[in-house]
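This briefing walks a new reader through a few features of the structure shown below. Please keep the sequence and the model at hand while reading the points that follow.

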Amino acid sequence: FNVKLLSISIICFVSFCLASSFVYILNDIIDVDKDKIHPIKKYRIIPSGKLNFKLILLILFSLLLTSLVLSFMINLKTFIVIILYIIINIFYSIFLKHIVILDVMVIALGFVLRVLAGTFSIDVEASNWILLTTLSVSLFLGFGKRRNEIIVMGNKEYIHRPVLEHYNLKLLEYMIIVSVALAIITYILYTIDAETISKFNTNKLYYSVPLVIFGLFRYMYILFKKDSGGDPADIVSKDKFIIFTVIIWLILMILLIYKII
């Protein structure tokens, strides 16, 4: 309910959205030839050739400049985090995405940096457990996406993404299971951590653990039973059980934090 901090959070959110958009467009430019043979990605703006390349470059650098200006307006720490995110992802687009396991870890690190940017922007200390939870969930989503790419591409997966040559379905399934286990454990530890209890002045956040477990298991069901997972945002926004779980989780957390229950 602090309007000033809420406004700063929104500016930080927009700044990181612009930075990640810059990264995604840059990666699409680099991968344009490979994306042309992907059954879904070939319809994107860049590989399909629907947009003038000069205009794409103009958009690219406008996103970068606007993101940096907005983050600098917030504070130096947020600015540094976003610069770090951009630099890491430039290296990812050039060569880190070709290194097995590290490719997914770099993507996961990007989501941890998102959390740090948000906390730095309003001068709130991030819990170590929530950072580890973010990392674990991101690894889970990343390995799930790699699994889907192997299934969708059939015998063309190595052409589209060379690093897939070093993965197979069994290895990715083990990594997915380990990542989910880590996510559940770190989230439980977050809810019962003394620092968390002190910050929110409640020891009941663990009530939300069953919802988190169900949400992750539901996502695993979609991964393994329906062989989906290529676009995590698509799954989360379309699966009614996950949507319902997220809504209940949000309501429960509000009720617990504001001492309504």
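In this predicted model, helix H9, which covers residues 169–192, packs with helix H11, residues 209–225, at an angle of about 170°, and their axes are 10 Å apart. Because an angle over 145 degrees counts as roughly antiparallel, H9 is described as roughly antiparallel to H11.

**The contact of H9 with H11**
- On the H9 side, the residues that meet H11 include Glu 173, Ile 176, Val 180, Ala 183, Tyr 187 and Thr 191.
- On the H11 side, the residues that meet H9 include Val 209, Val 212, Leu 216, Phe 217, Met 220 and Phe 224.

**A nonpolar patch on the surface**
- Ile 30, Ile 87, Phe 91, Ile 94, Phe 95, Ile 99, Val 100, Ile 101, Leu 102 and Met 105 form a nonpolar patch on the surface, and together they have about 800 Å² of accessible area.
- Helix H5 (76–94) and helix H6 (102–121) are the elements that give two or more residues to the patch, and the largest share, three residues, comes from H5.
- Ile 30, another residue of the patch, lies in helix H1, which spans residues 3–30.

**Salt bridges**
- The count of salt bridges comes to five.
- Arg 146 and Glu 149 are separated by about one helical turn, because they are three residues apart in helix H7, residues 128–153.

Definitions and conventions:
Residues are numbered from 1 along each chain as its sequence is written. This is a predicted model: local features need pLDDT of at least 70, side-chain atom pairs count only at pLDDT 80 or more; totals for chains, interfaces and linings use all residues. Side-chain values use heavy atoms; hydrogens and water are left out. Axes are lines fitted to C-alpha atoms, for helices over the stretch in contact, and angles run from 0 to 180 degrees between N-to-C directions. Helices (H or I, at least four residues) and strands (E, at least two) are DSSP runs, numbered from the N terminus. Angles under 35 degrees count as roughly parallel, over 145 as roughly antiparallel, 65 to 115 as roughly perpendicular and the rest as oblique. Contact means heavy atoms within 4.5 Å. Patches are made of residues with over 30% relative accessible area and no salt bridge: like charges are joined within 9 Å, nonpolar side chains (Val, Leu, Ile, Met, Phe, Trp, Tyr) within 5 Å. Accessible areas come from the Shrake-Rupley method with a 1.4 Å probe; for residues, only the protein chains shown count as cover. A salt bridge is a side-chain nitrogen of Lys or Arg within 4 Å of a carboxyl oxygen of Asp or Glu.
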